Amino acid sequence: MTNLSVLEPVEVPEPTATPRARRSRDRRSRRHGGPVSRVVSHVFLIVIALFAISPLLWAISSAFKPDQEIMTSLSLIPRHPTLEHFRVVIQETKFPLWFRNSLMVSLGTTSLSIIVGSLGGYAMSRWNFRGRSLFGNSLLLVQTFPAVMLAIPLYLLLTRYHLIDTLWALLVTYLTFALAFSVWMLKGYFDGIPREIEEAALIDGADRLRALWYVIIPMAWPGVVTVAVFSFLLSWNEFFFAYVFIASNKNFTLSLGMYGFIQQFTTQWGNIMAAGVLTTLPVLVFFFLLQRVLTRGLVAGATKG
Amino acid sequence: MTDIADRVQTRPPTARRRRDLLPYWLIAPSLVFLAAIIGYPLVVGLQEGFKYHNRLQPWLTRFNGLENYVKAFGDHEVWVALKVSFVMVGGIVVFSYLLGLLAGVLLDRKFAFRGVYRALILVPWVVPPVVSYISWQWMLNDQSGFIDHVLLQLGIIDKPILWLARPTLAMWSLIIVGVWSRFPFMMITVLAALSNVPEELADAASIDGANRWQVFRHITFPLILPVTIVALLLQAIWTFNDFALPFVLTGGGPANKTTPLVLLSYREAFQRFNIGYGTSLAVISMVLMLILGVLYFRLQRKQGVYA
C-alpha cells in the first residue's frame, strides 16, 4: 500500500490533452505512468500470481514425480515423469466412485439452484409482494450462520428421516446455501431486462412461466452461467457438511476422499497429489472456459441491486 | 346496467388477486428448503443449547436452563478458542484486504497479460480447499516440505522451521494460508468497485497536479471503501465460521493453539458427544456473527451491494 506512493512517479499533466478527448481506454493507460512503474507493477503481479498458484503448481509437479524424486528434488519439472501415482489412485482406490458421487451432487445442486433460484429471483424482480424484503433478507442472513450451528440439529433431523449418510443429505443442504446467491444474482439480471419484452410474450399468449423460461432466462444467460459455476464450485468443494453427514466410504465425495487419503497414504505425497490434481481438474477447466463470462457476471452482479 | 357495472368493478380486483398469489408460488420452493435446512435446525439448535444432552447417555437428556452458557463462561478452553478465532479472523481479513486491494488496483488498468494475471490470481478461489490445504500442509512440513527445503538450500536457515508444530508459527501458517484462499474474492470486489468510480474525478485531480498516490488516497480509495468494507465484513463472518482451514491444515493443534470456537463446538458435539454443550458454543458463535451480520446487512442495504 504505502509502497505505491514511492513507486509511482509524479505525473506531469500534459497540457495539450483535453480530458474529454481521451475516453475510456486511453484514460486508464494515461495514469499508468512510465516504464519504471510498469515494470514494478509486473513484478508485484508476478509475485502475487506465483503465491496464488504455488500450492497447485507444487501438487501438479509432485503428482508426476516418482517417489524417490519427490523426496530429493525441488525442481518443478519432473526429471523422470511418471503416471504411476494416477494409476494407483484410479485403479487401487475408490476414487472413481467418489468422483461420480461428487459429480452427481454437484450437477444436481447446480440444476436445482438455477431452477429454484430463477423462480425466486423472478418473483423478487417483478413483484412487490408482501414479505418480499423479509424473504430477500433471510436469504442474505443465511450466509452468516455458522455451519456448525446448523450441522448438529440437521444431523439429528436427517438421522430421523434416514437421509443421513446419503448423497441426498448433501444435495438439499448445498442447494439451500446456493439459493442465497442464485436468487439475488438472478434478480439483479432480471431487473436489467425490460418488462415490455415479457409483456409482448404474454400478449402472444404465453403464460408467466413460459415467458420466464423461453424469454427471460435466455436473455439473462451470463447470470445463469455465473450461478451455475458458483453452485457447482460450492458443492464440489464443500467439506464440512460432507464430513459430518457422510460416514460410509462408498458415499464419500472427493473432498472426503482426499481427507481420507492423508490418513491412508500418510507420507505417500505422490498419490495424494495425483488425487488432488484429479479433484481440481474439472473445476479448473470449467472455470477457465467460463472465466470471461464469470468475471463480467460477478462484477456486474456485485454492483447491481 | 348493474350487471355490467359489477363486472367492470369486480374483474380487475380478481385478476390482480390471482396475480398477487403467483410470486408466492414462485418463492415457495425456496421457502421449503429454507425452512427445512435453516429454519427448523435453527429452532432445534436454540433448544438444544438449553439442554443437557449427551449422545452416550441419552436417557439423561433434560432442559438445564442457562447451565451450558454458565459453563462456557467459565471454560478456559472456550476463552482460548475465542482468542484463536479473533486473532485468525483479524489476521486473515486485514492481510487479505490489503493484498486484494493491491492486486485489484494493479489490475484495474489495461496492459499486457492483464487477463492472465487475473485468471491466475483467481485460482485459489477455485481449487477445492481440502486439496489446497493438504498441499500447503505438505509445503509447510518440516520433514519434507518445499519451503524449508528451499530455505535450507539457500542457506537462510540452518535447521528446519517447525511451521505447524510451534504455536505462534502455526497461527501464522493458518493466517498465511487463509489470506491465500481469501484475497482473490477481495480483489474481485475491489475491481468491481473501481469500475464504478467515475473517471472524471480522478482525471480532474491529476490535471490539478495530484500524483497517482494522492489520487488513490484522496479520491479513489474513499469511493471504493464502503463497498469493500461490506465485502470485508462478509469475509470476517466466513472466516470465523470456517471449519476446513484449521481442521485440515493444523488439526487445531499444537495444544489447541489453533482451535477456533467453531472447531471446539464441533469437537464437543461430535467427538465428545456433548450435543447440548457443543450446540451452546455454536449459538455463542452465531450470536457473535449476528452482530457482524446486522452491520453487514445495514451497509449492504445502504450500498445496494450484493457481494
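I count two residues as in contact if their C-beta atoms, placed from the backbone, lie within 7 Å.

**Ground rules.** I am working on a predicted model: local features need pLDDT of at least 70, side-chain atom pairs count only at pLDDT 80 or more, and totals for chains, interfaces and linings use all residues. Residues are numbered from 1 along each chain as its sequence is written, and chains are lettered from A and ligands numbered from 1 in the order in which they are written.

**Domains of chain A.** I looked up the division of chain A and found domain 1 (2–82) and domain 2 (88–303). These bounds come from an automatic or database domain assignment. Eight residues of domain 1 of chain A are in contact with seven residues of domain 2 of chain A. On the domain 1 side, helix H3 (35–63) and helix H4 (67–72) of chain A each give two or more residues. H3(A) gives the most, with five residues. By class, I read five nonpolar, one polar and two charged residues on that side of domain 1 of chain A. For the classes, Ala, Val, Leu, Ile, Met, Phe, Trp, Tyr, Cys and Pro count as nonpolar, Asp, Glu, Lys and Arg as charged, and the others, Gly among them, as polar.

**Chain A as a whole.** I find 15 helices and zero strands in chain A. Helices (H or I, at least four residues) and strands (E, at least two) are DSSP runs, numbered from the N terminus. Of the 305 residues in chain A, 43% are buried. A residue is buried if 20 or more other C-beta atoms lie within 10 Å of its own, exposed if 12 or fewer, and partly exposed in between. Among contacts in chain A with a separation of 6 or more, 76% join residues 24 or more positions apart.

**Where A meets B.** The contact takes 90 residues from chain A and 92 residues from chain B. Helix H15 (residues 269–303) of chain A supplies the largest share of the chain A side, 16 residues. I read that side of chain A as 62 nonpolar, 20 polar and eight charged residues.

**Two spots in chain B.** I checked B:Ile147, which is found in helix H7 (residues 146–153) of chain B. B:Ile147 is partly exposed, because 19 other C-beta atoms lie within 10 Å. Leaving out residues up to four places away in sequence, B:Ile147 touches B:Met139 and B:Leu140. Next I took helix H9 (residues 199–207) of chain B, whose buried residues are B:Ala202, B:Asp203 and B:Ser206. They lie on the same side of H9(B), because they cover an arc of only 100° around the axis. That arc is taken over the directions from the helix axis to the C-beta atoms. Just after H9(B), B:Gly209 takes a positive phi of about 105°.
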